[in-house]
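Me: I'd like to learn how to read side-chain features in a structure. Please take me through them one at a time, with the general idea ahead of each case.

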Amino acid sequence: MSDKTHQLKAFERLLIIMDELREQCPWDKKQTMESLRHLTIEEVYELGDAILDNDLEEVKKELGDVLLHIVFYSRIGSETNDFDIADVCHSICDKLVERHPHIYGDVKVENEEDVKRNWEQLKLKEGKKSVLEGVPKSLPAMVKANRIQDKVAGVGFDWEKPEQVFEKVEEELAELKSEIAKGNNDAIENEFGDVLFSMINYARFLKINPENALERTNKKFMKRFQYLESKSKALNKPLKDMTLAEMDVFWEEAKSL
């Protein structure tokens, strides 16, 4: 691993390249913050995939892509004299110092939960009217639910024990089952949402990230189904012509692999 001097030189190299691209490359010259936005989101998802796959070489590459976007936005900001990369760095540094008085001040904490509670209280002192202001509106629903629950827990609005949360899950499941029996689609959708919300909350108590858990299941299902497709192709028998019993044989094989 390189020392700080080499790390700073590498970062300087990236800044110089970004300046050159912005000044000389037709594509880079044309970009705006708005045009980069969807690309940035894609890069973050690609980083997330690499992390879940535990592909550290790919993680390194995707981190580079995300870092490039940060530098790109900063370069655009400097062109209108709004901010540059130094402002971005100082901004996050100032925030980290202010939000960690147990490191840079005289506040005492006992554990991670104390730190999280202090973090939310400090944000309210900074002028935020609600602890939920920091939850982006455009987050996917599952990620948003997880962030909402995490934030309200930071100010004490939380269950005391995992068993209580699981009881809530069972309660919501019973209400969903009742609405399904009645056949009211609007009510079913409402109760289904409550079940998901309570399950996401339970995941938090189990120290599980629900988004990661579901994505791992997605990947597992896709691998097993693609194995089933490969067997179907080898037999020259389309899946639509196979019985569920025939499919299940290969599905169980895929699980054992």
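Predicted model: local features only at pLDDT ≥ 70, side-chain atom pairs only at ≥ 80, totals over all residues.

Me: Is Lys-60 buried or exposed?

Reply: The scale is relative accessible area, taken with a 1.4 Å probe and protein chains only: buried is under 20%, exposed is over 50%, and partly exposed is in between. Lys-60 has 52%, so Lys-60 counts as exposed.

Me: Where do Glu-252 and Lys-255 lie?

Reply: Both are in helix 12 (residues 244–256), 3 residues apart, again about one turn of the helix. Glu-252 is partly exposed at 38%, and Lys-255 is partly exposed at 41%.

Me: How many salt bridges are there by this rule?

Reply: The count comes to 15. One of them pairs Arg-75 with Glu-23, whose closest N and O atoms are 3.6 Å apart. This bridge links distant parts of the chain, since Arg-75 is in helix 4 (residues 56–79) and Glu-23 is in helix 1 (residues 4–24), 52 residues apart. Arg-75 is buried, with 17% relative accessible area.

Me: Which residues are linked with Arg-75 in a network of salt bridges?

Reply: The network takes in Asp-19, Arg-22, Glu-23 and Glu-79 along with Arg-75.

Me: On to rings. How many aromatic pairs does a search of the whole structure find?

Reply: It finds 3 aromatic pairs. The rule is that rings of Phe, Tyr and Trp (its six-membered ring) pair if their centres lie within 6.5 Å; planes under 30 degrees apart are stacked, over 60 edge-to-face, and the rest tilted. For Phe-166 and Tyr-202 the centres are 5.2 Å apart and the planes are at 45 degrees, so this pair is tilted. It connects distant parts of the chain: Phe-166 belongs to helix 9 (residues 162–182) and Tyr-202 to helix 10 (residues 185–205), 36 residues apart. Phe-166 is partly exposed at 35%, whereas Tyr-202 is buried at 18%.

Phe-221 and Phe-225 make a stacked pair, with 6.2 Å centre to centre and 10 degrees between the planes. They are 4 residues apart in helix 11 (residues 210–234), so about one helical turn separates them. Phe-221 is partly exposed at 46%, and Phe-225 is partly exposed at 32%. Ring pairs also bring in Trp-251, forming a cluster with Phe-221 and Phe-225.

Me: What span should the 25 residues of helix 11 have?

Reply: The expected span of a helix is 1.5 Å times one less than its number of residues. For helix 11 that gives 36 Å, and its end C-alpha atoms are 36 Å apart, which agrees.

Me: Which residues of helix 11 are buried?

Reply: They are Pro-210, Arg-224, Tyr-227, Leu-228 and Ser-232. Their cover includes helix 8 (141–153), helix 10 and helix 12.

Me: Last stop, helix 5. Is Arg-99 buried or exposed?

Reply: Arg-99, found in helix 5, is buried at 5% relative accessible area. Contact means heavy atoms within 4.5 Å. Leaving aside neighbours within four places in sequence, Arg-99 is in contact with Trp-119, Leu-122, Lys-123 and Glu-126. Val-97 also has its place in helix 5 (residues 85–99), and Val-97 is partly exposed at 41%.

Terms used
Residues numbered from 1 in each chain as written. Heavy atoms only, no water. Helix = DSSP H or I, 4+ residues; strand = E, 2+ residues; numbered from the N terminus. Salt bridge = Lys/Arg side-chain N within 4 Å of Asp/Glu carboxyl O.
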